[in-house]
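Hi everyone, thanks for coming. Have a look at the sequence and the structure, and I'll talk you through some strands and aromatic rings.

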Amino acid sequence: VFVAGNQLGWHLSGDAQQEFGPLLVYQEKRSQSGNRVSIIDPNADVSPLQPGHVRFSGKLDEVPARWMLGGFYHYHAGGPWRLGSSFLYGAGPARNAARLTPELRYNLQFPHATLSLHAGLVWANQAWNQAYFGVPAGSVSGLPVYTAQSGVKDVHLGLNWNWALSSSWLLTNSVKLTHLQGSAANSPLVQRRTSAAFSSALAWRF
């Protein structure tokens, strides 16, 4: 069993070459300003929920927070290469938004550290893209009506670096570049198609 940020997962495979199991993920609420809402302070907009979302004078339709249920599958192709994917369903106002995330990873092992380069994409159904990138009729955002379609939402490239501080504790760092595609990129809600994110955290293995 593992907890990573807003994810809860369960490894069911006993095969070292394959990993799979159920996955439960918390999708933050999107406020009327287009930002996600802090779990700690529900009244605080903390950052854009999706790449390219910005504050503007109008208001968006609020998208409620949801728990998404799905699963993950990882395959160790041999050597440093690994294929991975996850599927999640249940986000959006009608709880029917879904996304699929396939990724290719290249891992380098050092005595006390692991370096991982990964590239992938996110495919989203129409319910997902419309919920987060569409502008429905009657919206008070002041933007033109826009209907987003299903398809590849973004492509991304990332780098993860894990440093083992002890047998239980490790420091994990990541940087990720994301470029919006298709209906998401063409949405009037989007000002920038490319975004970058950095995170650093302590992890405890049990």
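This is a predicted model: local features need pLDDT of at least 70, side-chain atom pairs count only at pLDDT 80 or more; totals for chains, interfaces and linings use all residues.

Residues are numbered from 1 along each chain as its sequence is written, and side-chain values use heavy atoms, with hydrogens and water left out.

Okay, strand S3 (residues 18–27) runs antiparallel to strand S6 (residues 66–78), and 10 bridges join them. For example, Gln27 has Arg66 in S6 as its bridge partner. S6 also pairs with strand S7 (residues 81–91), again antiparallel, over nine bridges. There, His74 is partnered with Gly84 in S7. The S6–S7 hairpin has two residues between the strands, and Gly79 takes a positive phi near 65°.

Now the rings. How many aromatic pairs does the structure hold? Five; rings of Phe, Tyr and Trp (its six-membered ring) pair if their centres lie within 6.5 Å, with planes under 30 degrees apart called stacked, over 60 edge-to-face, and the rest tilted. One of them is Tyr26 with Trp67, edge-to-face at 5.1 Å centre to centre and 65° between the planes. Tyr26 sits in S3 and Trp67 in S6, so this pair ties together parts that are 41 residues apart in sequence.

Is Trp67 buried or exposed? Exposed, at 52% relative accessibility (buried is under 20% relative accessible area, exposed over 50%, partly exposed in between, with a 1.4 Å probe and protein chains only).

Terms used. Two strands pair if DSSP finds at least two bridges between them. Helices (H or I, at least four residues) and strands (E, at least two) are DSSP runs, numbered from the N terminus.
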